[in-house]
Amino acid sequence: MTLPTEAHELEAGRLTSPGPSPLFAAHRRAWILGFAAFAVAIYLLTGIFTVAADEQAVIRRFGRVAARLGPGIHYRLPWPVDRVDVIKTTAVMKTGVGFELPEGEARVAGVEILTGDTNIVSVAMTLQYVIGNPAAFLFDIETPPALVSLVAESVLTETVLGMPVDEVLTTGRLTIQEQVKTRTQAILDRYDSGIQVTSASMMGITFDASVAQAFQDVASAGADRENKINQGRSYANDLLPKARGEARSIVLAAQSYKDQHIAEATGNTTRFLELMTEFNKAPDVTRTRLYLEAMEKILPKLRKYVIDSEHGQKPINLRLGPTTP
Amino acid sequence: MKARPRVLALVAAVVTVTALAVWSCFVVVDVTEYGLVLRFGRVVRVVREPGLYLKRPYPLESVVRLDRRLLIFSPVTAEFLSANKKNLVIHSLVTWRITDPERFLATTADRPTAERRISDLVLTKIGSVVGSHPSTALVSVEGHPSQFDEVMGRIVAEARGHAIAEYGIDLVDIRLRQLSLPEQNRANVFERMRAERGKIATQYRSEGEREFKKVVAEADREKTLILAEAYREAERTKAEGDVRAMRIYAEAFGKNPQLYKFRRTLQAYEKILGGNTTIFLPADAEVFRLLGDAGKSKKGKSP
């Protein structure tokens, strides 16, 4: 009560330096009361606050958690009675494991870990989490983001320690992500942290520069192996259809050989049988005719000597004579 | 006129001091802290629940606040010797909270001191527990989570009781943040890793080669089989054709073998006897039968 009065006296003194203004003097009490009311109103108005759609507010009255409020415009008693903390609960928060997240994500090295078979790898992960219980998040843990990151790091270390490097590089990736997520969550629950881990994802696995080449080579050896096998398969895929085609054409050729021979046989015998019918009608004449026809065809092309077999032995002489075969 | 400001100043001073004294009677203990009310340095009240409390004004009683939240502490990285004489570099993570504020205030008082104490305690326990286990209890391909948990569990159990009893500190958890090998061993590890990778790469490549050869050989063999099968099939078909043709011929020609023989012989002649063949014909050959007067039908030929 003393302060405003003094201020007014000062103000009044400055404003009315020649002498007390009659207007002010007349309403002095009203001025003081008005100013006091104004100050109280301002003080009370400081208790108004808003909570955005993705936020929640926790109110502490004399240090004790009194209320948890959702989005909207709210009122609390001003300091020193109530204190309010507004935090984003629906927003997903992200933290890096083994590195600081805001850093350039391109050169994330991660944390160096020993695998079960004593290989040294660097693993970088990111963890996403939401705040499940704002009060616990705000008041039960010293630095929640750091805690999430450190616990996840320890779980990662623990998980990779029980795995051979080949598993870490291949099938183990999913296991690691799953383990880091569930076990980190279990530990955070044990701490009553109010944190809900939504996902753990591996950013990358890297190796020391001196061994990276060797790991690269294993990968390319794997690719070489696949290539070679595929090469073999494509050889087989090329060869076998061709062989089948060839086989088919062999069989078809045989088939046509068969058909041809049967057809020929049928043709020949048909002709023969027709002939036979005619022949049977006049066997002698036909026989002679056939013979003579054949001879007519054959003999003109030949050199021939006719020998009367009953009268001499000429053939020998003739053979020694003008004709030599 | 002169006495009035002096009186006013005195009144103002008294009012201010009184206000401050009254103000100091009220103590707000936050949810994140313990409040300890000290009377001339001696703890007279421990406030564990948050809220508004009254105490005697300032010079008589004062308040010390201690954090009751879960606190995080990472002791320095240290090297430990395992039971099988392997050096392990361990970076641990300790989560702790104050559970006995009175004891904490009496023995450690502030956080740096507390962390120093925790560090000493935890590193000692890690040293003794790790020293009594082989390194394979922690680093193992077989995945012995039980062994790992057992080791960590022993460390926590041994350190915990001590911390509560001595300092009023609850060691909530001790975890392995990082476990690595000493700097001087790294070169060896990398050397071994390279050798292992080299072996695997060679194995992959030779596996590829082997598989390639196998596939090719199988294909070749199958090709041979296919062709052999086709050949068998073809020969069988041809034989069928031959048999059928033969049967047709035999059936037809069997009806008049004489005629067949005769005709076939004539056909054969047409083929056998060509331009440069010389033939001697007996005069009584059938061609000439009408010239002579023979009854026999005899043919002769010479190539």
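Reader: Hi! Before I start counting helices and strands, what counts as one here?

Author: Helices (H or I, at least four residues) and strands (E, at least two) are DSSP runs, numbered from the N terminus. On that basis chain B has six helices and 10 strands. Keep in mind that this is a predicted model.

Reader: Got it. And how many helices and strands are in chain A?

Author: Chain A comes to 10 helices and 10 strands.

Reader: What share of each chain is buried?

Author: In chain A, 27% of the 325 residues count as buried. For chain B the figure is 23% of 303 residues.

Reader: How about contacts in chain A, what part of them join residues at least 24 apart?

Author: Taking contacts in chain A between residues at least 6 apart in sequence, 67% join residues at least 24 apart. In chain B, residues 24 or more positions apart make up 67% of the contacts with a separation of 6 or more.

Reader: Let's go to sheets. What is the strand order of the open sheet in chain A?

Author: The order is 3-2-5, with three strands and antiparallel pairing. Strand 3 and strand 5 (82-88) are the edge strands, each pairing on one side only. From one strand to the next, the twist averages 25 degrees.

Reader: How many bridges hold strand 2 of chain A to strand 3 of chain A?

Author: Five bridges, with strand 2 (residues 55-61) and strand 3 (residues 64-69) of chain A pairing in the antiparallel sense. As an example you can find in the structure, Ile59(A) stands opposite Ala67(A) in strand 3.

Reader: What sits in the turn between those two strands?

Author: Strands 2 and 3 of chain A form a hairpin with two residues between them, and Phe62(A) in the turn has a positive phi of about 50 degrees.

Reader: What does the open sheet of order 3-2-5 in chain B look like?

Author: That sheet has three strands with antiparallel pairing. Its edge strands are strand 3 (42-47) and strand 5 (61-67) of chain B. The twist averages 30 degrees from one strand to the next. Strand 2 (residues 33-39) of chain B is joined to strand 5 of chain B by seven bridges, and the bridge partner of Glu33(B) in strand 5 is Asp67(B).

Reader: New topic! Which residues touch the most other members of the largest nonpolar core?

Author: Val123(A), Met125(A), Ala152(A), Leu156(A) and Ile169(B) do, out of 77 residues in that core. Helix 5 (residues 144-161) of chain A supplies the largest share, nine residues.

Reader: Which residues does Ala152(A) touch?

Author: Leaving out residues up to four places away in sequence, Ala152(A) touches Val97(A), Met125(A), Leu127(A), Val180(A), Thr184(A) and Ala200(A).

Reader: At what angle does helix 5 of chain B pack with helix 8 of chain A?

Author: Helix 8 (residues 209-281) of chain A and helix 5 (residues 183-254) of chain B pack at about 5 degrees, with their axes 8 Å apart. Angles under 35 degrees count as roughly parallel, so helix 8 of chain A is roughly parallel to helix 5 of chain B. The residues of this helix contact divide into 40 nonpolar, 12 polar and 24 charged.

Reader: What about helix 9 of chain A and helix 6 of chain B?

Author: The axes of helix 9 (residues 283-298) of chain A and helix 6 (residues 257-272) of chain B come within 9 Å and cross at roughly 5 degrees. These two helices are therefore roughly parallel to each other.

Reader: Which residues meet there?

Author: From helix 9 of chain A, residues including Leu290(A), Tyr291(A) and Ile298(A) meet residues of helix 6 of chain B, among them Phe262(B), Leu266(B) and Tyr269(B). By class, this contact has seven nonpolar, no polar and four charged residues.

How values were computed:
Residues are numbered from 1 along each chain as its sequence is written. Chains are lettered from A and ligands numbered from 1 in the order in which they are written. This is a predicted model: local features need pLDDT of at least 70, side-chain atom pairs count only at pLDDT 80 or more; totals for chains, interfaces and linings use all residues. Axes are lines fitted to C-alpha atoms, for helices over the stretch in contact, and angles run from 0 to 180 degrees between N-to-C directions. Angles under 35 degrees count as roughly parallel, over 145 as roughly antiparallel, 65 to 115 as roughly perpendicular and the rest as oblique. Ala, Val, Leu, Ile, Met, Phe, Trp, Tyr, Cys and Pro count as nonpolar, Asp, Glu, Lys and Arg as charged, and the others, Gly among them, as polar. Two strands pair if DSSP finds at least two bridges between them. A nonpolar core is a set of buried Ala, Val, Leu, Ile, Met, Phe, Trp, Tyr and Cys residues joined through C-beta atoms within 7 Å. A residue is buried if 20 or more other C-beta atoms lie within 10 Å of its own, exposed if 12 or fewer, and partly exposed in between; C-beta atoms are placed from the backbone. Two residues are in contact if their C-beta atoms, placed from the backbone, lie within 7 Å.
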